[in-house]
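Please find below my note on the model you sent.

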Amino acid sequence: QSARGQPCVTVGEFLSGVLLKELCAVQILRQPAHAAQAFDAEPFRRLVEQCAPGFARDVFETAAGWVPAAAEALADTLLPDLDRFPVAAGDAEGLSVQQRRLLLEVVEIV
């Protein structure tokens with residue numbers, strides 16, 4: 001668990017959640033206002049479960065093209081607790097703070 005008491009999340013889980021959120025948002029925006037109340041996200045959850053491994057792999061390949069050190073990350077890598085990370089402004093594990101920030105921005109864009 002993180003410092004806030006929330007469960008730790010892997011990068012793959014985070015990416016799956018982002019993909020699900022975006023798919024649902026697009027669908028809700030396309031529906032008339034009265035139909036949005038009956039929205040069912042379950043088909044999208046099943047789709048994301050099927051696509052998640054390939055999607056995460058594609059995201060990592062793209063990120064590695066921009067930040068070579070990202071090639072070492074895996075879908076089951078835990079996301080850092082951003083309240084406490086990085087604890088120092090120095091380089092750690094081969095990534096500078098600027099590279100880590102860029103990697104986080106890449107994930108947010110996707």
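The points below concern a predicted model.

1. Salt bridges overall. Two salt bridges turn up when the whole structure is searched. Each is taken in turn in the next points.

2. Lys-21 and Glu-22. These two residues form a salt bridge, with 2.4 Å between the closest N and O atoms. Lys-21 has a relative accessible area of 49% and is partly exposed.

3. Glu-42 and Arg-45. A salt bridge links Glu-42 to Arg-45, and here the closest N and O atoms lie 3.8 Å apart. The pair still counts because the cut-off is a side-chain nitrogen within 4 Å of a carboxyl oxygen. Both residues belong to helix α2 (residues 42–66); they are three residues apart, so about one helical turn separates them. Glu-42 is partly exposed, with 32% relative accessibility, and Arg-45 is partly exposed as well, at 39%.

4. Val-18. This residue is part of helix α1, which covers residues 11–30. Is Val-18 buried or exposed? With a relative accessibility of 15%, Val-18 counts as buried, because buried means under 20%.

5. Val-18 and Glu-108. In sequence, 90 residues separate Val-18 from Glu-108, while their C-alpha atoms are 8.5 Å apart in space.

Methods: Residues numbered from 1 in each chain as written. Predicted model: local features only at pLDDT ≥ 70, side-chain atom pairs only at ≥ 80, totals over all residues. Heavy atoms only, no water. Buried < 20%, exposed > 50% of the residue type's maximum accessible area, 1.4 Å probe, protein only. Helix = DSSP H or I, 4+ residues; strand = E, 2+ residues; numbered from the N terminus.
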